[in-house]
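Subject: Structure handover

Hello,

Here is the structure for you to look over. Please open it alongside this note.

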Amino acid sequence: MPDTYDLIVLGSGPGGYVAAIRASQLGLKTAIVERERLGGICLNWGCIPTKALLRSSEIYHYITHAEAYGLSVEKPSFDLAKVTERSRKVAGQLNAGVKGLMKKNKVTVVEGNGRLTAPNRLEVEGGQGKVQLEAKNIIVATGARARELPFAKADGDRIWTYRHAMVPPAMPEKLLVIGSGAIGVEFASFYSDMGAKVTIVEMLDRILPVEDAEISDFMTKALKKQGMDIRTSTGVQALKGSPKGVTAEIKAPDGKVTTEEFSHAIVAIGIVPNTENIGLEELGVEKSKGGQIVSDPYGRTKVPGVWAIGDVTGAPWLAHKASHEGVIAVEAIAGGHAHPMDVANIPGCTYSRPQVASVGYTEARAKELGRKVKVGKFPFIGNGKAIALGEAEGFVKTVFDADTGELLGAHMVGAEVTELIQGYVVARQLETTEAELMETVFPHPTLSEMMHESVLAAYGRPLHI
């Protein structure tokens, strides 16, 4: 007889383990199935350990620029192995934390590869052989993996995915980063600050292409100023690793192809959903052309009892989106008043130097939707706290509906904007207009004052520019 539960969650990333916790809170007998490490890619190989690496490079940057703060540091250096070790320890600590949360919430953890054999049944193959599990509802939260170039598989030595880039066998001297989304730009920032000569190649006409065009333009200039080589509308046609380095054939916008040498390359061209070999096809679960599971705003698939959340369902591929989807799905399963997912209220963050953060519509997208807009911008150079921090580069941009005052979008680039963006996220969730934001008191001196000033600027009322 199979072990019986109210809910089985397949995958223990930020979507899966949060769904399991919420299910337990609602009184559902819950099991979670994981083939590798609790916490999934984000906690073990993505969001968290990359931020630990970036923190090290940020501190190293400040050390090497200590003179600007009236300080002196003799011959700054770093130990790459210790930098990596710290990152892995952070991931390990959080992995242990998730184990504790599963135990605290009485969630049964089943280790192994799970496969749906019926809408309410899962077979798990692991170290103890095959185990049969049964539940009225099953949530698929299997996440995604790095997309690789078809002509150049990552080898972990010279050609890396993000996973290899987190545990580098050696410090790159001349690094090629293929792709300029958040992952590519973050690794470019880390390795550049640690001393590598970095080239970013992007097929589209601007880096960070999902961001507002002004953010992309600012970031291009900022990264070039740091010494990076940024090439847009450019493709890599061939990539070959050797014991001595990487040879790349790069096609420029004018069609000219050059052969260039690098010490290492990071392939950051997106992700592929983990939907293969888990029984979806046999059950008739619908998938998109890209392989993502098709689900409604509550996580339901077209097969009753089968739900899907997180990266496996498509963009935006963000941990916090997955977690929120997990909560929504479980509350719907439990019969509560679940609210539908609105991806327009999901913030995006890039933890490079400088940081990038945004929520809602870009100016261009708002206009495409037929909105008449009012746009406000405020520069970091006009903020006292930014100047005191020595971080006077960047700006905050807000986009409002000119007729209703609805906050359509907010876009930031500069120091600590990944912490600031939540103010605008809350504003959008509460359907705040410019009036409430103008009447809100922001503390001084803080970077958050720029948020207020940007709102005022949209209506011709800025105070400090």
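Below is what was found, grouped by topic.

**Ground rules**

This is a predicted model: local features need pLDDT of at least 70, side-chain atom pairs count only at pLDDT 80 or more, and totals for chains, interfaces and linings use all residues. Numbering starts from 1 along each chain as its sequence is written, and side-chain values use heavy atoms, with hydrogens and water left out.

Helices (H or I, at least four residues) and strands (E, at least two) are DSSP runs, numbered from the N terminus.

**Cores**

The largest nonpolar core has 32 residues. A nonpolar core here is a set of buried Ala, Val, Leu, Ile, Met, Phe, Trp, Tyr and Cys residues joined through side-chain atoms within 4.5 Å. Buried means under 20% relative accessible area, exposed means over 50%, and partly exposed lies in between (1.4 Å probe, protein chains only). The residues with the most contacts inside this core are Phe187, Tyr191, Val198, Ile200, Met219 and Leu223. Elements that each supply at least two of its residues include helix H3 (47–64), strand S9 (174–178), helix H6 (182–193), strand S10 (197–201) and helix H7 (213–225). H6 gives the most, with five residues.

Take Val198. Beyond residues up to four places away in sequence, Val198 touches Leu175, Val177, Ala188, Tyr191, Ser192, Gly227, Met228 and Asp229. Contact means heavy atoms within 4.5 Å. Another core, of 27 residues, lies apart from the largest one. Leu7, Val9, Ile32 and Ala329 are among its members.

**Salt bridges**

The count comes to 27 salt bridges. The rule is a side-chain nitrogen of Lys or Arg within 4 Å of a carboxyl oxygen of Asp or Glu.

- Glu186 pairs with Lys51, with the closest N and O atoms 3.3 Å apart. This pair links distant parts of the chain: Glu186 is in helix H6 and Lys51 in helix H3, 135 residues apart. Glu186 is buried, at 9% relative accessible area. Lys51 is partly exposed, at 23%.
- Glu214 and Lys377 meet at 2.5 Å, N to O. Glu214 lies in helix H7 and Lys377 in strand S20 (residues 373–379), so this bridge ties together parts that are 163 residues apart in sequence. Glu214 is partly exposed, with 27% relative accessible area. Lys377 is partly exposed too, with 38%.
- Lys225 pairs with Glu393, with the closest N and O atoms 2.7 Å apart. Lys225 lies in helix H7 and Glu393 in the loop between helix H11 (384–389) and S21, so parts 168 residues apart in sequence are tied together. Lys225 is exposed, at 62% relative accessible area. Glu393 counts as partly exposed, at 43%.

There is also a network of salt bridges. It links Asp212, Glu214, Glu363, Lys367, Lys377 and Lys397.

Thr398 lies in strand S21 (residues 395–401). Why does Thr398 count as buried? Its relative accessibility is 0%. The Thr398 side chain makes a polar contact with the side chain of Ser454 (2.9 Å). A polar contact is a pair of N or O atoms within 3.5 Å; within protein, one must be able to donate a hydrogen and the other to accept it, and residues adjacent in sequence count only if both atoms are side-chain atoms. Leaving aside neighbours within four places in sequence, the contacts of Thr398 include Lys374, Leu407, Tyr424, Ser454 and Ala458.

Asn345 sits in the loop between helix H9 (319–333) and strand S18 (348–350). Asn345 is buried, at 12% relative accessible area. Its side chain makes a polar contact with the side chain of Arg428 (2.8 Å). Not counting residues up to four places away in sequence, Asn345 touches Val359, Val425, Arg428 and Gln429.

**An exposed loop residue**

Asn277 is in the loop between strand S16 (271–273) and helix H8 (280–283). Asn277 is exposed, with 63% relative accessible area. Leaving aside neighbours within four places in sequence, Asn277 is in contact with Gly114 and Arg115. The C-alpha atoms of Asn277 and Ile138 are separated by 16 Å, and the two residues are 139 apart along the chain.

Best wishes
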